[in-house]
Amino acid sequence: MSSFPLLLLLLLLWGPGSYGFPALPEGNRQDVEKVWKFLENYYKLDEYLPTEKLKGTGLTIEKLKQIQQFLGLKVTGKSVPQSPGVGRNAEPEAADEVLYVTENNPRWQKTHLTYRLTNYETHLPREVVDRSIDRAFKLWSDVSPLTFSRIFEDEADIMITFFRGDHNDNNPFDGPGNLLAHAFQPGPGIGGDIHIDADETWTDNTDDYNLFYIMAHEVGHSLGLFHSSDIGALMYPSYSLYTEDYVMPQDDIDHIQALYGPSLNPIQPTGPQTPRPCDSSLTFDAVTSFRGELMFFKDRFYIRVNHFMPEVELNFIGILWPDLPRSELDAAYELSEKDEVRVFKGNEYWAVNGRNLVSGYPRDIYSSFGFPEYVTNIDAAVCEEEIGKTYFFVGDMYWRYDENKLVMDEGYPRLIAQDFPGIGQKVDAVFQRQRFFYFFHESNQYEFNLEAKEVHFSNITNSWFNC
């Protein structure tokens with residue numbers, strides 16, 4: 001079997017407002033054609049994605065659909081529209097990967113594999129490189145029956161090398177940006193090998209390109225995995241933001257075990273799952289309004305609802321707000337008059353204006369709002385801006401804060417069940433729309449009439465997602 005490279009390509013997505021491919025006005029046709037030309041040159045796409053019968057704009061739309069399908073992206077034939085809130089300032093996606101697709105995933109015919117790093121052509125200290133690569137292999141061995149050992153001489157199953165430019169495998173690197181790394185499918189010779197662009201700014205933190213994260217993705221290819229359509233997966237065809245407490249997602253666990261079988265550990269490993277907007281049992285960490293939109297937070301992700309967009313947007317919190325905690329937010333609320341959203345985690349909170357962190361944050365909830373020290377986190381928060389009062393829900397109690405006087409109102413905390421009858425004794429998330437508070441607890445949602453002081457109706461949590 002011949003081995004085909006799995007290329008990590010940074011597709012710079014023309015224009016800071018794009019979340020996907022460019023829109024299709026005539027001025028952007030050349031961008032779509034540029035991507036198509038690359039795919040044709042490297043992968044002979046025209047052999048199995050024929051478009052010779054299409055003309056003009058129809059050709060461009062069809063090519064864009066086929067590129068999206070090829071990359072494992074959502075097939076729309078157009079880019080995601082810009083949001084009137086933050087979309088105009090949103091960063092482009094960091095990287096999209098291109099790979100040669102075959103009918104069946106190749107696999108190694110053994111479960112113990114060797115790997116060898118042949119050089120250290122990078123500015124990172126050797127110990128950091130070693131630690132990043134060893135950790136990448138351990139990520140896969142922890143969730144599968146595969147084991148790995150590093151060797152320092154002779155030929156390993158997986159040879160790892162830093163290269164610059166053309167390195168005689170018909171897939172030259174191109175300096176900083178764009179092509180980051182590539183790997184080869186399992187097999188003899190070059191099969192399973194990983195090549196890394198030495199000209200990239202590799203890091204062992206959340207800046208630029210994290211070497212561990214890229215290596216873990218490429219090891220997945222070396223083991224026989226192709227791309228996943230799950231945006232939260234390690235094998236998703238786009239470089240996502242690295243987090244210090246990174247855990248293998250469940251989607252990747254499922255795919256590696258489909259190839260090699262279950263883990264040998266007596267307790268099978270599990271990992272985080274990407275939220276599914278149309279899952280009727282979906283729960284939320286926090287919800288807030290945001291410049292006319294709604295933002296639902298779950299684990300590392302946000303789900304954004306915008307009436308200009310027929311479908312919801314699912315992405316990483318760190319893509320939108322890189323200066324905030326990147327997972328498991330506790331609460332959030334909007335102060336529209338200040339054009340701020342306040343986000344809480346633990347006993348700290350942050351304020352953002354658009355995509356930017358407001359200077360002077362994070363702050364603690366004790367000195368800012370006057371919470372007693374036994375309050376270690378906020379469950380939910382919402383501001384009733386007509387009267388300038390913010391409600392903080394903690395356990396079965398709530399506090400009310402005066403945004404104008406900057407003090408807690410006297411007589412609080414009070415019982416949630418006493419003043420908000422019908423919503424239960426605990427709140428996971430809440431936001432306001434017109435004269436209603438929308439409370440969320442587990443998979444239930446309650447529309448509470450602020451004037452009548454009663455629940456108007458109840459629903460499932462994801463009723464906002466047009467499912």
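## Basis of the model

Residues are numbered from 1 along each chain as its sequence is written, and side-chain values use heavy atoms, with hydrogens and water left out. Because the model is predicted, local features need pLDDT of at least 70 and side-chain atom pairs count only at pLDDT 80 or more, while totals for chains, interfaces and linings use all residues.

An unreviewed UniProt entry places the feature "binding site" at Asp157, Gly191 and Asp193. These residues span 37 residues in sequence, yet no two of their C-alpha atoms are more than 7.9 Å apart, so they gather at one spot. UniProt positions are given in the numbering used here, feature names are shortened, and annotations may be inferred rather than shown by experiment.

Where does aspartate 157 lie? Aspartate 157 is in the loop between β4 (147-150) and β5 (158-163). Strands (E, at least two residues) are DSSP runs, numbered from the N terminus. Aspartate 157 counts as buried, at 16% relative accessibility. Buried means under 20% relative accessible area, exposed over 50%, and partly exposed in between (1.4 Å probe, protein chains only).

Leaving aside neighbours within four places in sequence, aspartate 157 is in contact (heavy atoms within 4.5 Å) with Trp108, Lys110, His112, Leu113, Thr114, Gly191, Gly192 and Asp193. The side chain of aspartate 157 also makes a polar contact with the side chain of lysine 110, at 2.9 Å. A polar contact is a pair of N or O atoms within 3.5 Å; within protein, one must be able to donate a hydrogen and the other to accept it, and residues adjacent in sequence count only if both atoms are side-chain atoms. Glycine 191 sits in the loop between β6 (179-184) and β7 (194-197). Glycine 191 is buried, with a relative accessible area of 0%.

Another "binding site" annotation from an unreviewed UniProt entry covers Asp174, Gly175, Leu179, Asp197 and Glu200. They span 27 residues in sequence, but no two of their C-alpha atoms are more than 9.7 Å apart, so they gather at one spot.

Glycine 175 lies in the loop between β5 and β6. Its relative accessible area is 11%, so glycine 175 is buried. Beyond neighbours within four places in sequence, glycine 175 is in contact with Asp197, Asp199 and Glu200. Leucine 179 belongs to strand β6. Leucine 179 is buried too, at 5% relative accessibility.

## Sheet β10 to β13

Four strands form an open, antiparallel sheet in the order β10-β11-β12-β13. β10 (286-290) and β13 (313-316) stand at the edges with a single partner strand each, so one side of each has no neighbour in the sheet. Neighbouring strands are turned by 25° against each other on average, direction ignored. Axes are lines fitted to C-alpha atoms, and angles run from 0 to 180 degrees between N-to-C directions.

Strands β11 (293-298) and β12 (301-305) pair in the antiparallel sense over five bridges. Two strands pair if DSSP finds at least two bridges between them. Methionine 295 has arginine 304 in β12 as its bridge partner.

## Sheet β24 to β27

Four strands form an open sheet in the order β24-β25-β26-β27, with antiparallel pairing. β24 (429-433) and β27 (454-460) are the edge strands, each with a single partner, so one side of each is left without a neighbour in the sheet. The twist averages 20° from one strand to the next.

Strands β25 (436-441) and β26 (444-449) pair in the antiparallel sense over six bridges. The bridge partner of phenylalanine 437 in β26 is phenylalanine 448.
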